[in-house]
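Dear colleague,

I am passing on a structure that may be new to you, and I would be glad if you could look through it with the notes below at hand.

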Amino acid sequence: MPAWLKDAVFYEIYPQSFYDTNADGIGDFQGIIEKLDYIKGLGCNALWINPCFDSPFKDAGYDVRDYMMAAPRYGTNEDLFRLFREAHARGIHVLLDLVPGHTSEEHKWFLKSGEAERNEYSDRYIWTDHWIKGIPGRPYIGGEFERNGVYMLNFFKCQPALNYGWKEPTEAWQQGIDDPGPRATREAIKEVMRFWLSHGCDGFRVDMAESLVKGDDDKRTGTCAVWRDLFSVKKEFPEAAFVAEWGHPELAITGAGFDMDFYLDHAGNGYNTLMRDYETAGGDHSYFLKDGGGDITRFLDDFLPRYEASKDHGFISFITCNHDTPRPSWTLSDRERKLAFAMIFTMPGVPFLYYGDEIGMRYCEELRTKEGGYTRTGSRTPMQWDESANKGFSTGRAEDLYLPVDSRENAPSVAAQEILKDSLLNTVREILALRHAEPGLQADTSFEVLHAIQGDPLFIYKRGDLTIAVNPSGEEKSSPAGILHGPGAEVLFRIGEASCKDDGAVCLGPQSFAILR
Ligand code: NOJ
C-alpha cells in the first residue's frame, strides 16, 4: 500500500464541468491545471479525474474508444502529462479512471472481434457461437456483425463486455479465466496501466471492478484472482494506488488487493443511512437529517464488520458524493452537510470530496439527460467559481455550455463563500487542514466507538489521541460521564456548541460537532 495514502484526501473532478479555458463550453486539462492551487488550498492533495480518454461519450466517457489517447475535447496526451507534472509540483497525486470491464462499441478491438475471420481480437469480448444463441440472464446484441454469434453487454448498449472468462464455463463458447483469450485481455489492460503510470499518473479509480469474471462468481473468487494478476504491475510501480468501485472492502481490498474501496451509496447500506436514506420505505431517517430521527447504529452495524475485515490491508473511502449520486444538498441543509462532511473527513480511511460539494452545489434534477447521465445529470453541472457570466466556469456562450450552469437564486459560488468565515467552503478547509496536521486523523490511525446507542443521536468515537463527537439532532445532548478521562479537554475544532464537564462527559449543543483532545 503506497505510504502517501495515509494523508491523502481526494478531489473528484468530472472534467467536462470543472473549468473551461478555451471558451468551447466544456472543461479541459488546462482548466484543471489552473485550479490546482484552489484544490490544494482546499486541503485536497490527490485527484480522481473521470474518464478523459477518446470516446463517443455515450456514457460520459465510460465508453472508451482508445485507452491510450486523451479525448481531444480536453486536450492532448502532452497536456495530460503536463497536468501530472503541475500536480506533482504541488504535492498532488493524480488518479485516472480505468474502465477494464468494457470498451466503447467503436473501439478497434471490438470492431475486429466482430469480423467473421478469426483474428487476434476474436476472444477479446464475450461472443456466443451462433447468431441465434443468446446469453441467458445477461444483456446481449445480435445482428450487427458478420461474425456468427451475439455479444454480451456490460452496461449500456454501447459497452460490450471484455472477456475475462467465466468462473465455471458451461458452454463451448465460454472460456475459463486462464484460457488464452482472457489472459490476453489481462495483458492488454496491464499495458494500458503501464502506459499512463509510466507517464506520471499515480494510479486508477477502477470502474465496476467487481464484475470482470462472468458466470457463477457470486463469491468473486474468480474476479479477485484476476485482480491479483492485474496487480502484478504494482511491482513495477509500487507507489501506484488503486481504488475500486466495488463497495465490499472485505473482497476488494482483502481479496482482490485494492488499496482502497469506495463506500458507495447503495440503498440500505451503512453509508446510505447517513445522508441518503430517502429510498427506504417509511421515510427519510438519514442520521444527519436534523429531524430524521436517525440512528447511528444502522451505519455502524454495516461499517464495523467491513472495517475490521479490511483495515489491515487497505482503506475504505467515504465519499461526499460522486458523478452517479444525487448531491447531498438535495435533501440536507448547509448545517447538516457541515456535520456530515466533518464526520466523513474524520473517519479512518481515505475520503473523496466531489467537486462542488465544498460549496454546496445543488442537484439540478430538472435537467435533461446528457451523455447517458439520466438522473445523474443533475450532479454533473459546471463548477460555480464566481459571480461572473456562467459563474466563472467558461467565457463561452451560455447556450454552448456542456450543461447549463445553476444560476438560480442563491446558487453558491467559491468567490461568495471565500469571504464568509462560516461558509461550508471555509469549514471544509478548516477541517481538512486539521486532518493533515493531526496524526490522529490519518487514514490508518485507530478507530474506536465510544458512544453509539440505538435511539440516541449522539455519536462519539476515538481516533488516536482525539475524541470526536457529533450531535445531528435539534436538541442539546450529553454523553454519560467518563467519556473523556477527566476535565480540561482541549476543543480543537467545533461546529456549534461543545463543552466538557468535570465528570468527563461531552456536552454538544443542537447540530454540533467537536474534535477534542
Ligand atoms: C460506473 C460509473 O461510475 C458510471 O458512471 C458508469 O456509467 C458505469 N460504471 C458504466 O461504466
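The shell around the ligand is made up of three nonpolar, two polar and seven charged residues; please keep in mind throughout that this is a predicted model. The residues in question are Asp59, Tyr62, His102, Phe155, Arg205, Asp207, Met208, Glu245, His323, Asp324, Arg376 and Arg380. Because domain 1 (3-99 + 318-437) and domain 3 (172-257) both give residues to this shell, the ligand lies between them.

As for individual atoms, a nitrogen atom of the ligand is 2.8 Å from an N or O atom in the side chain of Asp207, while an oxygen atom of the ligand is 2.8 Å from an N or O atom in the side chain of His323. For the side chain of Asp324, the distance from an N or O atom to an oxygen atom of the ligand is 2.5 Å. Taken alone the ligand exposes 300 Å², of which the protein buries 98%.

Two of the residues around the ligand, Tyr62 and His323, also meet Asn50, whose side chain makes polar contacts with the side chain of Tyr62 at 2.9 Å and with that of His323 at 3.4 Å. Asn50 sits in the loop between β2 (46-49) and β3 (53-54), and it counts as buried because its relative accessibility is 0%.

Elsewhere, Pro472 is placed in the loop between β15 (466-471) and β16 (477-478) and, at 2% relative accessibility, likewise counts as buried. Its C-alpha atom is separated by 6.9 Å from that of Pro510, although the two residues are 38 residues apart along the chain.

Technical notes. Residues numbered from 1 in each chain as written. Predicted model: local features only at pLDDT ≥ 70, side-chain atom pairs only at ≥ 80, totals over all residues. Heavy atoms only, no water. Helix = DSSP H or I, 4+ residues; strand = E, 2+ residues; numbered from the N terminus. Buried < 20%, exposed > 50% of the residue type's maximum accessible area, 1.4 Å probe, protein only. Polar contact = N/O pair within 3.5 Å; in protein donor to acceptor, adjacent residues only side chain to side chain. Near = heavy atom within 4 Å. Areas by Shrake-Rupley, 256 points an atom, 1.4 Å probe, with all protein chains shown as cover. Nonpolar A, V, L, I, M, F, W, Y, C, P; charged D, E, K, R; others polar. Domains from an automatic or database assignment.
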